[in-house]
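Hi,

Here is the structure I promised to pass on. Have a look at it first, and my notes on what turned up follow below.

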Amino acid sequence: MTSKLRAAPATARPLLVAALVLTLLAGGFAVWGGWAWYAAAHDDTAAYAGQRDAALAAGEQAVQNLNTLDHREADQGLDLWESSTTGELHQQLTEGRKEFTDQVKSAKTVTTAKVLSSAVTELDDRAGRARVLVALRVTVKAPGAEKTDKDSRMLGELTRTGGGWKLSALGQAPVGGTPAG
């Protein structure tokens, strides 16, 4: 009978060693997983990527807004322009609003824009400034004329405000060998 008792520990040893090894591996994996989660949660890269994505979304929307206007709803469209902008660009839009409204209503045009692609070209998260490049297709419909489509690339500068990212400058991007300026 004693031989049976001694045989049991000999067969249990490999199982005990395997269980111990698996426990140590699981513990090591848990420590590594916790450390990786903590590092990712406290990494500035994630916050920077979030600001980049927010600036890109706001830039796309603002550029689309400033290239869309229906003469029948000019006041609402220009309100949207103003809510999408800040700084000098906002000031220019508000100062020239009446004259521009008269021109659009007189021409009776409907302009719509669709973003084709975009990218953040610069982001200074600390200063709250960003630049975006937006490719869009602008469709213009004038009375008695066919719709015309024009593809263009716009460079926008964004400023972070209390209300989020807003467009502070907008201009045509140079194409091909055209010098910037």
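Trp 81 comes out at 10% relative accessibility, so Trp 81 counts as buried (under 20% relative accessible area; exposed is over 50% and partly exposed in between, with a 1.4 Å probe and protein chains only). Bear in mind that this is a predicted model: local features need pLDDT of at least 70, side-chain atom pairs pLDDT 80 or more, while totals for chains, interfaces and linings use all residues. Numbering runs from 1 along each chain as its sequence is written, and side-chain values use heavy atoms, without hydrogens and water.

The count is 2 aromatic pairs (ring centres of Phe, Tyr or Trp, the latter by its six-membered ring, within 6.5 Å; planes under 30 degrees apart are stacked, over 60 edge-to-face, the rest tilted). Phe 29 and Trp 32 have ring centres 5.8 Å apart and planes at 35 degrees, so this pair is tilted. They sit 3 residues apart in helix 1 (residues 2–41), so about one helical turn separates them. Phe 29 is exposed, at 57% relative accessibility.

Trp 81 and Phe 100 make a tilted pair too, with 5.3 Å between centres and 40 degrees between planes. This one links distant parts of the chain, 19 residues apart: Trp 81 is in helix 3 (residues 74–83) and Phe 100 in helix 5. Phe 100 is partly exposed at 30%.

Which residues line the largest pocket? Among them are Trp 81, Phe 100, Val 138 and Val 140. By class, the lining has 7 nonpolar, 4 polar and no charged residues (Ala, Val, Leu, Ile, Met, Phe, Trp, Tyr, Cys and Pro are nonpolar, Asp, Glu, Lys and Arg charged, the others, Gly among them, polar).

Cheers

Methods. On a 1 Å grid over the protein atoms alone, a cavity is a set of points where a 1.4 Å probe fits but cannot get out, and a pocket is an open set with protein on both sides within 12 Å along at least five of seven lines; lining residues have an atom within 4 Å of a point. Helices (H or I, at least four residues) and strands (E, at least two) are DSSP runs, numbered from the N terminus.
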